[in-house]
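Colleague: I have the sequence and the model open. Can we walk through a few spots, strand by strand and residue by residue?

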Amino acid sequence: MKKTMMILAVVLLAAVSCDKHTYRHRENTDPVETVLNKPSNWSIQYKGRENFTEADGYVSRVERVSVRCPGADYYILRTISPDDLKDLYKNDLKAFFEEEAKYLREDAYNYKEKVTDYFYVEEVQDYLLDRMRMGNWLMFLVGMDDNGFITGSYAETSVNIPEETPTESYNKWIGEWNIGDGKIIYPISIEKGEANYTYIIRGWETGSSIDEKTGEQMNQEYLEAEYDNNNGNLYFKSQYLGTYTENNVGIDELFLGKINYKGEKQSTYDGIWIITDEGFDLAAAEMNEGISTATVTGCDVNVKLADHLPEVTLPFMYMQYIAAYMNGNNVEYAEYNKNVPEIPLTMDRTRSSVNRPAWTPRPSTRASVHHAQVREHRDRLNQTARGAVRAR
């Protein structure tokens, strides 16, 4: 996978190499060997998709899951397709559970949080989860201890989620567009992902606006955007794309948003910050009258950049491809392109269909399975960042 010389020069400074997900630290704990068991009084049940009305009247599509696990102190909910379990884990459930637990311990370490903050605790509970993807899934309730290791106890169920029939409102976005701020413009395509849920966007950070000497044509990549059934808008999301190795250095490729912080008094914290959280709404595209143009505005994020600074709410100003890699014990972030359009953006339709070869899904990896895990439904307006770093 070709990348810019700028990224190559930066990653060569890395003191360690990593060929998986970059958010790593070495663990000294040697846990006691566990044996899987399925308590007869534990269960997990998928009850189906439903509408959930938020406090502001907004209607979200969610999945209802019922769990029962008497005697469990902590547990997590995990999903994986039967194909991925076979191909990535050789149908070894214990290996899958332990890998997911390891990711959570690493997240807690990097965000300076307690690993138990990532766990569920109610012994009998119905949960509303964010909408799941179509397909066949294995869903698990996995017992955890307070150190972040699996206990061995678990329950499971199988879930089949069919694809919906695409609505006229969903189909309106499909086609080719020019998107930009008037100075920097990208020729993108918006293509069907999952009906009434996701789109595939190709062409971001491509075209004549890319600097020929220092920039990178990101024409090998694609993004997933989400369709909003409630208002018909298209949402650009922060997301993990994949991991590759360059010069023995593992690099996570991400799509992230940036904010511009300006304190009450000029300080060293003023300037552009990268919000490192995934799954955030970065910007909303709203169709103008007709279907030939659209306007893209930044979504708000709550962020606290330092302990002595107040939490502020700011809109995303930029969104772009970002490379994350280990430099010693620290995760570093670097842009593939410095000059990206500033939000708000305009979109102008150039074709009502897509004239490109069919897109090819990325192959599944253990890391991509982890990044795509189900999450408890949260307030869509309460995007509070856990991670922020200064842009270079």
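**Strands and buried side chains**

Modeller: Start with S1 and strand S2 (residues 59–68), which pair in the antiparallel sense over 10 bridges. Two strands pair if DSSP finds at least two bridges between them. Strands (E, at least two residues) and helices (H or I, at least four) are DSSP runs, numbered from the N terminus. This is a predicted model: local features need pLDDT of at least 70, side-chain atom pairs count only at pLDDT 80 or more, and totals for chains, interfaces and linings use all residues. Residues are numbered from 1 along each chain as its sequence is written, and side-chain values use heavy atoms, with hydrogens and water left out.

Colleague: Which residue in S2 is the bridge partner of arginine 49?

Modeller: Strands of a sheet pair through backbone hydrogen bonds, either parallel or antiparallel. S1 and S2 take the antiparallel form. In S2, the partner of arginine 49 is glutamate 63.

Colleague: What is the strand order of the open sheet of 3 strands?

Modeller: The pairing in this sheet is antiparallel. Its edge strands, S1 (43–53) and S4 (124–130), each pair on one side only. The order is S1-S2-S4.

Colleague: Why is strand S14 largely enclosed by the rest of the structure?

Modeller: Buried means under 20% relative accessible area; exposed is over 50%, and partly exposed lies in between (1.4 Å probe, protein chains only). S14 covers residues 271–275. It is largely enclosed because the buried residues number 4 of the 5.

Colleague: Which residue in S22 is the bridge partner of isoleucine 274?

Modeller: S14 runs antiparallel to strand S13 (residues 249–261), with 5 bridges. There, isoleucine 259 stands opposite tryptophan 273 of S14. S14 also joins strand S22 (residues 388–390) through 3 antiparallel bridges. In S22, the partner of isoleucine 274 is valine 389.

Colleague: Is glutamine 239 buried or exposed?

Modeller: Glutamine 239 lies in strand S12 (residues 239–246). Leaving aside neighbours within four places in sequence, its contacts (heavy atoms within 4.5 Å) include Leu223, Leu254 and Phe255. Its side chain reaches the backbone oxygens of glutamate 224 and lysine 237, at 2.9 Å in each case. With a relative accessible area of 11%, glutamine 239 is buried.

Colleague: How many Å separate the backbone oxygen of glycine 148 from a polar atom of the side chain of arginine 105?

Modeller: Arginine 105 is found in helix H3 (residues 93–110). At 11% relative accessibility, arginine 105 counts as buried. The distance from its side-chain polar atom to the backbone oxygen of glycine 148 is 2.9 Å.

Technical notes. A polar contact is a pair of N or O atoms within 3.5 Å; within protein, one must be able to donate a hydrogen and the other to accept it, and residues adjacent in sequence count only if both atoms are side-chain atoms.
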